[in-house]
Amino acid sequence: SGFSSIGHMDTMRRGRHHIGHYKEGEEFIQNVFHVLFQLFSGKEKSNLAICWLQYEISKVLQCLQRKKKKMKAQGRKSKKLAKNLLKAPDNRNDLSLWKLYAYLEWLLGNTDDSRKVFDTALCTAGTGGLKSPQLCSLALLYAQLEVELLESLEGAVTSRAVHILTKLAESGPYVPYSGQVLSVNILKARKTYEHALQDYLSKTPGSDQDRVSRGNQLVNLVGCYALFQYLTVGIDAAVLIYTQTSEKLEAPDPQKPENGGESFGIQNFPTALEGVTLLHTNLLRFHMKISVYPLNPLREALTEALKRYPSNQSLWRSYIHIQRKSHSASKARRFFDGVTRSTNSLEPWLFAIRAEQMRKKLIENVQRADVGEIHSTIPETGLTNRIVALFEHAIQSENGTHCPLLWRMYLNFLV
């Protein structure tokens, strides 16, 4: 989201600390934003404001992962920018910006402030309910963040997340959470979600622009409905919604029986299936974190998705995360091999190399444990040779030859 940062190179380590944002690169980016901001107006200007705030959030996320000391200073700068952007008359009612500002507060650990921002945005957003794309997107993020605070699903039916999703389905004015959710409202909301999803899937969008925006709205709607079912019924009910939506999106178009395999959903909502799959795998990962659940459904969902979307980095991250828990590398290696043969994308190569490097590091840590300064006398050459072979194959591919990151990773590994 946003755009890639020019000012840092976060895959390289330099000594003990990571290379962060270079001062010159950072100044350059800020100058670009300031100059462009004076040239644009209307919709373009608000899109640029969203990009700018997304970029600030990416820096806060980087501080969260690596540089806790710089967090306060970065947080102050980012909040100041967010408030200045929201003060502009054009942006005061822009829900996308309010959403990012609330998310920024949440990341900085100001949960109560973030809730106030979310509640204010939902109260002023009107009564569009499930028909308003921005309102759906805002409510989904708010509910997802609240769900991440849950330690188990006990009592989740009366949680703040259920209140948010129920109010969204009611299409009335939003009322902040007061500590309880009525059962009758939950039943009504479930029916509303069900009908809204059926209506959405049966409509055919018009122009290409319309298709993209309706695809995004479909993803938000499915996300809200599945999360609502997850909290009020359970994981199986949520998974059912994801699988039914995916089947519907993959089904052949009934009006064009001879269309050479082009499916109804892919044709009408080109980006929706990828978004739905991402939500599906993220929910399974979260559920495994807070309760006991088999790994296989997640592994199957990820392998199917990656065959279809081999350049989706979030899916690859989830895949290598779950493969780390497995002691057998052969299945993952076969899968990587199959995907790299069938696509020109560079991501499968990069993640295959990353997975092997993580495995090598793990083995070296185990071999060197509790021995003090005496390092293992048997070097791990098998994995080293495998990684070099992967690099060699990757740089011979059309995209790999022209990828500076891949060359730098290779040089770094050889050093």
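Me: In which helix is Gln74 found?

Reply: This is a predicted model, in which local features need pLDDT of at least 70, side-chain atom pairs count only at pLDDT 80 or more, and totals for chains, interfaces and linings use all residues. Residues are numbered from 1 along each chain as its sequence is written, and side-chain values use heavy atoms, with hydrogens and water left out. Helices (H or I, at least four residues) and strands (E, at least two) are DSSP runs, numbered from the N terminus. By that rule, Gln74 is found in helix α3.

Me: Is Gln74 buried or exposed?

Reply: Buried means under 20% relative accessible area, exposed over 50%, and partly exposed in between (1.4 Å probe, protein chains only). The relative accessible area of Gln74 is 12%, so Gln74 is buried.

Me: With which residues is Gln74 in contact, leaving aside its neighbours within four places in sequence?

Reply: Contact means heavy atoms within 4.5 Å. With neighbours within four places in sequence left aside, the contacts of Gln74 are Glu56, Lys59, Val60 and Cys63.

Me: Which residue meets Glu26 in a salt bridge?

Reply: Side chains of opposite charge can pair when their charged atoms come close. A salt bridge is a side-chain nitrogen of Lys or Arg within 4 Å of a carboxyl oxygen of Asp or Glu. For Glu26 the N to O distance is 2.7 Å, and the partner is Lys59.

Me: How many residues apart in sequence are the parts that Glu26 and Lys59 tie together?

Reply: Glu26 is buried, with a relative accessible area of 14%, and Lys59 is buried at 7%. Glu26 lies in helix α1 (residues 23-39) and Lys59 in helix α2 (residues 42-65), so the pair ties together parts of the chain whose separation in sequence is 33 residues.

Me: Which helices does the salt bridge of Glu105 and Lys79 tie together?

Reply: The closest N and O atoms of Glu105 and Lys79 are 3.5 Å apart. Glu105 counts as buried, at 3% relative accessibility. The two residues are 26 residues apart in sequence, so the pair ties together parts in helix α4 (residues 95-107) and helix α3 (residues 71-87).

Me: How many salt bridges does the count come to?

Reply: Salt bridges that share partners join Asp112, Arg115, Glu146 and Arg160 into one network. By the rule stated above, the count comes to 12.

Me: What is the volume of the largest cavity?

Reply: On a 1 Å grid over the protein atoms alone, a cavity is a set of points where a 1.4 Å probe fits but cannot get out, and lining residues have an atom within 4 Å of a point. Grid points are joined across faces, edges and corners, and a volume is the space filled by probe spheres set on the points. A search of the whole structure finds two cavities of 30 Å³ or more. The largest cavity has a volume of about 110 Å³.

Me: Which element gives the largest share of the lining of the largest cavity?

Reply: Of the 13 lining residues, the closest to the centre are Leu135, Lys167, Leu168, Gly172 and Tyr174. Two or more residues of the lining come from each of α6 (133-148) and α7 (160-170). The largest share, three residues, comes from α7.

Me: What is the phi of Ser171?

Reply: Most residues other than glycine have a negative phi. Ser171 is in the loop between α7 and α8 (183-202), and is partly exposed, with a relative accessible area of 33%. Although Ser171 is not a glycine, its phi is positive, at about 60 degrees.

Conventions: On a 1 Å grid over the protein atoms alone, a cavity is a set of points where a 1.4 Å probe fits but cannot get out, and a pocket is an open set with protein on both sides within 12 Å along at least five of seven lines; lining residues have an atom within 4 Å of a point.
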